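Visitor: I have a model open and I'd like to learn how to read it. Could you walk me through it?

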Amino acid sequence: MKMRMYGSFFAAVMMLMMSGVARAPFGELRASEQAAPAASAAPDMSPVANPVSGFVKAGVARYGKNMVAAAEAMPAEKYGFKPSPEMNSFGHLVMHIVESNNTFCSKISGQTAPDAKLSESDPKDKLVAAMKASFMFCTTALDKVDDSKLGEQFVLFGTRPISRGGALVALGGSWTDHYATQAIYLRLNGILPPTAQPAKKD
């Protein structure tokens, strides 16, 4: 699979920042995850086992929840939406996320990737279901991955080798990138991204 580059993404970000609607996607994820520190409890500063793989695995559920929710928030009739003609559609973005998850998690774990045959023109329910399945695959595939073989290399895309540690870092980075892009697409359609939604009252 060849990763598609979102060439006009940064131009769109700059336009949105000028109009005041792009400030939240990049900051809101951090703000929503910040918890008030306990008044008397000191943080546990002891060494962490498997810091690289453990950190990425902990992000699967969090990003999976937010990215699936973002895909569900976009109306089906807007899956063909493009911020500008040369950019990819929202449906293509969802398809790309599925392919990225399956490829990264397969290569990192050594497990066979699901055979997900998708098109950006597929209906919303099929694309959302495939995204859910890709995060479920990552959860299962990464379960036994640890930091003992971070230096091992394999070919991820094309012919260029990458270390397992590098692939884990790239996977985590892809989730941040893709969620931010989803958030911008949603905001351009007047929809608040999941992490910008007001907290639900009990």
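Guide: Let's start with contacts along the chain. Residues 24 or more positions apart account for 74% of the contacts in the protein chain with a separation of 6 or more. Keep in mind that this is a predicted model.

Visitor: What pattern does the protein chain follow along the sequence?

Guide: Reading along the sequence, you get α-α-α-α-α-β-β-α. That is 6 helices and 2 strands in the protein chain. As for burial, 41% of the 202 residues count as buried.

Visitor: Take a helix, then. How far apart are the end C-alpha atoms of α3?

Guide: They are 33 Å apart, and the 23 residues of α3 (residues 51–73) should span 33 Å at 1.5 Å a residue, so the two agree. α5 has 18 residues and reaches 25 Å from its first C-alpha to its last, close to the expected 26 Å.

Visitor: Where is the kink in α3 centred?

Guide: On valine 60, with a bend of about 30°. Val60 is also one of the buried residues of α3.

Visitor: How should I read a list of buried helix residues?

Guide: Here's the general idea: an α-helix has 3.6 residues a turn, so residues three or four places apart point the same way. Now try it on α3, where the buried residues include Val56, Val60, Tyr63, Gly64, Met67, Val68 and Ala71. In α5 the buried residues include Leu127, Val128, Met131, Ser134, Phe135 and Cys138.

Visitor: Which helices do the buried residues of α5 pack against?

Guide: They pack against α3, α4 (90–109) and α6 (164–188). Look at the pair of α3 and α5 (residues 124–141): their axes are 10 Å apart and the angle is about 180°. An angle over 145 degrees counts as roughly antiparallel, and therefore α3 is roughly antiparallel to α5.

Visitor: Which residues meet where α3 and α5 pack?

Guide: From α3 you have Val60, Tyr63, Gly64, Met67, Val68, Ala71 and Glu72. From α5 come Lys124, Val128, Met131, Lys132, Phe135, Cys138 and Thr139.

Visitor: Now α6. Is histidine 178 buried or exposed?

Guide: Buried means under 20% relative accessible area, and histidine 178 counts as buried because its relative accessibility is 6%. This residue lies in α6. Leaving aside neighbours within four places in sequence, histidine 178 is in contact with Met67, Leu93, His96, Ile97 and Ser100. For a C-alpha view, histidine 178 and valine 94 are 84 residues apart along the chain and separated by 8.8 Å.

Visitor: And the loops? Which residues does serine 89 contact, leaving aside neighbours within four places in sequence?

Guide: Tyr79, Gly80, Phe81, Lys82, Glu120 and Tyr185. Serine 89 lies in the loop between α3 and α4, and at 3% relative accessibility this serine counts as buried. Glutamate 77 lies in the loop between α3 and α4 too, but glutamate 77 is exposed, with a relative accessible area of 66%.

Visitor: What is the phi of asparagine 50?

Guide: About 50°, a positive value although asparagine 50 is not a glycine. You'll find asparagine 50 in the loop between α2 (23–33) and α3, where it counts as partly exposed at 34% relative accessibility. For a glycine case, go just after α6: glycine 190 has a positive phi of about 75°.

Terms used. Residues are numbered from 1 along each chain as its sequence is written. This is a predicted model: local features need pLDDT of at least 70, side-chain atom pairs count only at pLDDT 80 or more; totals for chains, interfaces and linings use all residues. Side-chain values use heavy atoms; hydrogens and water are left out. Helices (H or I, at least four residues) and strands (E, at least two) are DSSP runs, numbered from the N terminus. The expected span of a helix is 1.5 Å times one less than its number of residues. The bend at a residue is the angle between axes fitted to the seven residues ending there and the seven starting there. Buried means under 20% relative accessible area, exposed over 50%, partly exposed in between (1.4 Å probe, protein chains only). Axes are lines fitted to C-alpha atoms, for helices over the stretch in contact, and angles run from 0 to 180 degrees between N-to-C directions. Angles under 35 degrees count as roughly parallel, over 145 as roughly antiparallel, 65 to 115 as roughly perpendicular and the rest as oblique. Contact means heavy atoms within 4.5 Å.
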